[in-house]
Amino acid sequence: MLAGAVLPIYALLRLQAGIGHALSWFVFWNLPNNILRPLLLVLGVAVLHWFGDLQTAGDVMWLHVGIIAVLFVGQAWVFRRGLTRIVGRAEPVVRARPWLRTALPLMLASTFTAFYPEVVLVVAEPFLAKNELALFNIAYRTVAFLGLFMLAIDNSQLPRMSQLLARDEVSQVRKLIRRNSLVKCVGAAVGAAVLAVSAPHILALFDDPAYLAGESVMLVLMLGFLGRAVIGPGGQVLSVSGHHNRCVLV
């Protein structure tokens, strides 16, 4: 009930961050929700546990609700000031139908992308033993750091790509895509090499020899992430170039 009650505020927090992303406010886009919220939650849980005030899951959720509310108030103030500086006091124009027609496929694509690890686990759960599912989850979550790196590279370039496409500067978009792909490929290859060397030590942290079998799973997943890096930002470019329906289909 607490999570459901705070969800509208969290949605506005994400919406403002998304608008900030489109305007290339990268600190605004990342800092409140992606960095401060989880950091404050972890620190808050540690402090409450230290003082013996953490008893139930509800206590953690109350803490999270308070953090989200405080962050939203601060972010909304910064957002309003920043947007006023850019667009002035212009009256908003509401075009609900084209907005929804564009937003729905983008929402489907981004939801599937954002929750892909969870979707995979739900699909695999009926067919795997619990220890195998746990092993897969550990391997996936660890290797997913490569995906976060690639997502950060893509998202940092998307506003610029969108602006160039709007000006019909296709050659500049191609240069940006080539540079983006090169950085992702090199970065993902270096990250995969580090993970490959570190995999036995990471899995050994779980203090169960059975988890060492996850090394082969991690290597297969690394190949998959490297393949994504080589392909380039295809889905993201489709999304910002008006081909979002094709992006959903793929």
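Me: What share of contacts between residues at least 6 apart in sequence join residues at least 24 apart?

Reply: A contact means heavy atoms within 4.5 Å. In this protein, 69% of the contacts between residues at least 6 apart join residues at least 24 apart. Bear in mind that this is a predicted model, where local features need pLDDT of at least 70, side-chain atom pairs count only at pLDDT 80 or more, and totals for chains, interfaces and linings use all residues. Residues are numbered from 1 along each chain as its sequence is written, and side-chain values use heavy atoms, with hydrogens and water left out.

Me: How many helices and strands does the protein have?

Reply: Helices (H or I, at least four residues) and strands (E, at least two) are DSSP runs, numbered from the N terminus. Here there are 10 helices and 0 strands. The C-alpha trace spans about 60 × 50 × 30 Å along its principal axes.

Me: What percentage of the residues count as buried?

Reply: Buried means under 20% relative accessible area, exposed over 50%, and partly exposed in between (1.4 Å probe, protein chains only). Of the 250 residues, 29% count as buried.

Me: Which residues does Leu146 touch?

Reply: Leave out residues up to four places away in sequence. Leu146 then touches Ala188, Gly191, Ala192, Leu195, Met222 and Phe225. Two of these names, Met222 and Phe225, are also on the list of residues with the most contacts in the core.

Me: Which loop holds Ser24?

Reply: Ser24 sits between helix 1 (2-22) and helix 2 (26-50). Its phi is positive, about 65 degrees, although Ser24 is not a glycine. Ser24 is partly exposed, with a relative accessible area of 31%.

Me: And Asp168: is it buried or exposed?

Reply: Asp168 is exposed, at a relative accessible area of 59%. Look for Asp168 in the loop between helix 6 (130-166) and helix 7 (170-204). Its phi is also positive, near 60 degrees, in a residue other than glycine.

Key
Core = buried A, V, L, I, M, F, W, Y, C linked by side-chain atoms within 4.5 Å.
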